[in-house]
Amino acid sequence: MSKPVVLIAEELSPATVEALGDGFDIRSTNGADRQALLRDVVDANALLVRSATQVDDEVFAAAKHLQVVARAGVGLDNVNVPAATKAGVMVVNAPTSNIVSAAELAITLMLASMRNVATASASLKQGEWKRSKFTGVEMYEKTVGIVGLGRIGLLVAQRLAPFDVSIVAYDPYISSARAAQIGVKLLSLDELMQVSDVITVHLPKTPETVDLISDEQFALAKPGLHIVNAARGGIINEAALYTALKEGKIAGAGLDVFDVEPPHGNPLLTLENVVVTPHLGASTHEAQEKAGIAVAKSVRLALAGELVPDAVNVSGGVIADEVRPGIDLADKLGQAFRALAAETAINSIDVEVRGEIASLDVKVLELAALRGLLRNVVSEQVSYVNAPVIATERNIDVRLLTDPQSPEFRNVVTVRGTLVDGRIISITGTLAGTKQVQKLVGINEFSFDVPLSQHMLVFGYADRPGMIGQIGTLMGENEINIAGMQVARNTAGGEALVVLEVDSVVPAEIVAEIGLRIGAGTSQAVNLQE
């Protein structure tokens, strides 16, 4: 039999080829040359790229034998993941390859901002010698605020310890006990803004984190504050940051990322108290080599038909056909659980699988539920392999429970968890009919039969007349279309829970307004990623 063809479209480290091993026909092409790429990808079983090669529908149409696209890096902007999924092609990347490099760059930007490195360098190169103009401040004994205590935030905290600083953090998804273990004090965002001399951001960019730090937060800050963003553009509102820097409300900033990249015409580039870099978080030789080796290993697993740790669209594991449809269901149940828990930290999670598939290997369903639960909580990409590690790092106990008995459904998956405030939340789903439609069939003690849709609202309230009308009226007033709705209650006049399917994201303020109007004990938007 001929060897599988691995096509390398951009320059990768020799270690990447070495990690692939001898079992492949390794070929090279110029990914930036469109015609060469389309010609050479025809016979490829695997395609390895970095950032210059555009992998889109045209490539998938030409590559009839393609099984996996591997991006030697973190971002996937140049790979059309939905098109890959439609074509049945797995997409993998190297989500942890750059975490050390990103952490080190954040610290570099802190020090560069505090010591005026960029402006002093430019001045000296122009023949000036103005030592007094560039007097800076020490890191020693300062308070450093870390916004987002995921893997990169944790690395930053560890590397700052020798500077003899006090470290505080804002991260609603981590418990105080876990933070204390690593010598960090948890604060609210406002408290962190008030006490910090330096702030560094390490959060994913989600609807909840966009403009997280804006005018209101800068109004609380010390005038000597230096703020750094080497995570994602948009978490710090750029207009508010410009005003704070221009008017002297804060002292300086270090930015590696921007709302729009490249940031041509961005007024922040005109300020002397801003040090900038062109998105260099992953730009080290070590990170590139780690990325190449990681994706080479993933390609080997994918072409061998095994579970791929960093698959971003489909699982590549040897999974029973009966189990495979439940992977996406479990992922969405994890996302929904996280939404229902809001910003409360989690103590423990049980993933319970009941029914016929319980006698098979269903470990992947536990991993999928964890991945869904954690994917918008931490800054790094969550994969099937690192989800348990991240859960352990956050002191979340995880169990997989199975039971072949399922009285009501052929198969059912439940994600049940205990929060740090003592509440227990459970959410249950199943796959219905020959089309395997994803259904939400339970939240806590309430039973439903609702299709799992991308945008859902959940309200819990005391059962009484007029509540549904009020919800519908407020939704209509805000031009939000209700696609479906179902109400469940424990007893007449007792507790009720309503689940609504809606056509678009519902802003948090509208959810809160509806909850206030009906006296909801629970009011939560559930937005499931496609």
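Residues are numbered from 1 along each chain as its sequence is written. Because the model is predicted, local features need pLDDT of at least 70 and side-chain atom pairs count only at pLDDT 80 or more, while totals for chains, interfaces and linings use all residues; side-chain values use heavy atoms, with hydrogens and water left out.

**Exercise 1. Find Asp-463: where does Asp-463 lie, and is Asp-463 buried or exposed?**

Step 1: Start with the location. Asp-463 sits in the loop between strand E19 (455-462) and helix H16 (467-477). Helices (H or I, at least four residues) and strands (E, at least two) are DSSP runs, numbered from the N terminus.

Step 2: Check the accessibility. Buried means under 20% relative accessible area, exposed means over 50%, and partly exposed is in between, using a 1.4 Å probe and protein chains only. Asp-463 has 18% relative accessibility, so Asp-463 counts as buried.

Step 3: Look for partners. Setting aside neighbours within four places in sequence, the residues in contact with Asp-463 include Arg-489, Thr-491 and Gly-493; contact means heavy atoms within 4.5 Å. The side chains of Asp-463 and Arg-489 are also joined by a polar contact of 2.8 Å. A polar contact is a pair of N or O atoms within 3.5 Å; within protein, one must be able to donate a hydrogen and the other to accept it, and residues adjacent in sequence count only if both atoms are side-chain atoms.

**Exercise 2. Study the salt bridge of Lys-222: which residue is the partner of Lys-222?**

Step 1: Recall the idea. Side chains of opposite charge can pair when their charged atoms come close. A salt bridge is a side-chain nitrogen of Lys or Arg within 4 Å of a carboxyl oxygen of Asp or Glu.

Step 2: Name the partner. Lys-222 forms a salt bridge with Asp-197, with the closest N and O atoms 3.1 Å apart.

Step 3: Compare with the cut-offs. Lys-222, at 29% relative accessibility, counts as partly exposed, while Asp-197, at 18%, counts as buried.

**Exercise 3. Trace the open sheet: what is the order of its six strands?**

Step 1: Read the order as E14-E13-E15-E16-E17-E18, with mixed pairing. Two strands pair if DSSP finds at least two bridges between them.

Step 2: Find the edges. Strand E14 (397-403) and strand E18 (446-451) each pair on one side only.

Step 3: Zoom in on one pair. Strands E16 (residues 424-432) and E17 (residues 437-443) are antiparallel over six bridges, and Gly-429 stands opposite Leu-440 in E17.
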